[in-house]
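I opened the model to look up its fold, its nonpolar core and its salt bridges. My entries follow in the order of the look-ups.

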Amino acid sequence: MKTVLVAAATLAAFSAPAMAQDAGRGTSRCYIELQQLMAEPGGIRELGTAIRQVDERLRPQVEEVRQLRRLVDSLEQQQQQAIQSASRPVHGTPPSADAAQTLSQVNDELARVTSLLIAKRTQLKEDYAAQMQASLGPVQQRVGQRARAFGAQRGCANVTDARAPDLPTLRSAGAQDM
């Protein structure tokens, strides 16, 4: 869903009915798509820099998750080998107790490492979300400030967020695309 920044001359909260009422009073309304603001060289550059910084900060956790995934893969292969050893007789003799114990040990280690992998992945997702908010929040604020300044230069006093589905209502109420 495309987010659009909407500038309006009133402080009232944005809504289609309120906007239609204001249109009758002749207030100046305008909007600019967020993508247009981000298309400025500074907007994209700032966003890219913030994302790269998040990736760099989380790289050790990503590598740890990758190592755990490789360990799980290796343990799964060992598990398959242990299952085969524990289930087939060797030279006519039944499988040894050692084969069953090896299978048990591999299963225990696989369960432990899988649990650790799940916990590390969950933590990575949470850290990623927090880092993105912390890094991208200021960038979004700067973009918002540029949008307000851009709107003010064109006679729009306030900037409010709106969704793409609101565009037809904005246009029908006389809002101008900046």
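**Fold.** I counted five helices and four strands in the protein. For these I took DSSP runs, with helices as H or I of at least four residues and strands as E of at least two, numbered from the N terminus. Along the sequence I read the pattern β-α-β-α-α-α-β-α-β.

**Source.** I am working from a predicted model, in which local features need pLDDT of at least 70 and side-chain atom pairs count only at pLDDT 80 or more, while totals for chains, interfaces and linings use all residues. Residues are numbered from 1 along each chain as its sequence is written, and side-chain values use heavy atoms, with hydrogens and water left out.

**Surface and contacts.** I found 27% of the 178 residues buried (buried is under 20% relative accessible area, exposed over 50%, partly exposed in between; 1.4 Å probe, protein chains only). I then took contacts (heavy atoms within 4.5 Å) between residues at least 6 apart in sequence, and 82% of them join residues at least 24 apart.

**Core.** Which residues touch the most other members of the largest nonpolar core? I noted Val 72, Val 113 and Leu 117, out of 15 residues. Such a core is a set of buried Ala, Val, Leu, Ile, Met, Phe, Trp, Tyr and Cys residues joined through side-chain atoms within 4.5 Å. Helices α3 (41–87) and α4 (97–153) each supply at least two of the core residues. The largest share, eight residues, comes from α4. Beyond its neighbours within four places in sequence, I see Val 113 in contact with Leu 68, Leu 71, Val 72 and Leu 75.

**Salt bridges.** My search of the whole structure gave five (a side-chain nitrogen of Lys or Arg within 4 Å of a carboxyl oxygen of Asp or Glu).

I looked at Lys 120 and Glu 64, whose closest N and O atoms are 3.2 Å apart. This pair links distant parts of the chain, with Lys 120 in α4 and Glu 64 in α3, 56 residues apart. Lys 120 is partly exposed at 28%, and Glu 64 is partly exposed at 32%.

Arg 66 pairs with Glu 63 at 2.8 Å between the closest N and O atoms. The two are three residues apart in helix α3, so about one helical turn separates them.

Arg 69 pairs with Asp 73 at 2.5 Å between the closest N and O atoms. They are four residues apart in α3, again about one helical turn.
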